[in-house]
Amino acid sequence: MVSFNTAYGEVPVGHPLRAYAIAKIAADRHLQASNLDWTILGPGLLTLEEPTGAITVARLAPGSASDGGRTSRGNVARVITAVLA
């Protein structure tokens, strides 16, 4: 599942993607509660830059702030490919 890097924090009331974020959080939690084998990727702000092949693997503590963690869509696609391989 491709989620986003602040899926476990609070979503501010005025955030323009609040409804989307709440739906993604619910989908992540539903998947985690299932009997399926799962992996949830949480990229930061996606860009159209060329992929670098470099990523950071980490888990944000619930409620912690994020710097946005910019990454290219190509990097995310490479990680998806590697996870599925």
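Let's start with the surface. The accessible surface of this protein comes to about 6300 Å². Carbon and sulfur atoms hold 60% of that area. Keep in mind that this is a predicted model.

Now, what is inside? The protein has 85 residues, and buried ones make up 22% of them.

Next, the fold. There are two helices and two strands. Read along the sequence, the pattern is α-β-β-α. On to contacts. Take those with a separation of 6 or more: 63% of them join residues 24 or more positions apart.

Let's take the helices in turn. Helix α1 covers residues 18-33, which is 16 residues. From its first C-alpha to its last, α1 reaches 23 Å.

Which residues of α1 are buried? They are Ala-21, Lys-24, Ile-25, Asp-28 and Leu-31. These residues cover an arc of only 130° around the axis, and that puts them on the same side of α1. Here is the background. An α-helix has 3.6 residues a turn, so residues three or four places apart point the same way.

The face away from its buried side carries exposed residues: Ala-19, His-30 and Ala-33.

Now helix α2, residues 73-84. This helix has twelve residues. α2 reaches 17 Å from its first C-alpha to its last, close to the 16 Å expected at 1.5 Å a residue.

Which residues are buried here in α2? Asn-75, Val-76 and Val-79. Seen down the axis of α2, the buried residues fall within an arc of 100°, so they line one face of the helix. And what do they pack against? The buried residues of α2 pack against both strands, β1 at 46-47 and β2 at 71-72.

The other side of α2 has Thr-81 and Leu-84, and these are exposed.

Together with Val-2 and Ile-80, Leu-84 makes a nonpolar surface patch of about 260 Å². Look at Ile-80, which sits in α2. Is Ile-80 buried, exposed or partly exposed? Its relative accessibility is 30%, so Ile-80 counts as partly exposed. The cut-offs are these: buried is under 20%, and exposed is over 50%.

α1 has its buried residues on the same side, with Ala-19, His-30 and Ala-33 exposed on the face turned away. α2 lines one face with its buried residues, and those pack against β1 and β2.

Note on methods. Residues are numbered from 1 along each chain as its sequence is written. This is a predicted model: local features need pLDDT of at least 70, side-chain atom pairs count only at pLDDT 80 or more; totals for chains, interfaces and linings use all residues. Side-chain values use heavy atoms; hydrogens and water are left out. Helices (H or I, at least four residues) and strands (E, at least two) are DSSP runs, numbered from the N terminus. The expected span of a helix is 1.5 Å times one less than its number of residues. Buried means under 20% relative accessible area, exposed over 50%, partly exposed in between (1.4 Å probe, protein chains only). The arc is that of the directions from the helix axis to the C-beta atoms. Contact means heavy atoms within 4.5 Å. Accessible areas come from the Shrake-Rupley method with a 1.4 Å probe; for residues, only the protein chains shown count as cover. Patches are made of residues with over 30% relative accessible area and no salt bridge: like charges are joined within 9 Å, nonpolar side chains (Val, Leu, Ile, Met, Phe, Trp, Tyr) within 5 Å. A salt bridge is a side-chain nitrogen of Lys or Arg within 4 Å of a carboxyl oxygen of Asp or Glu.
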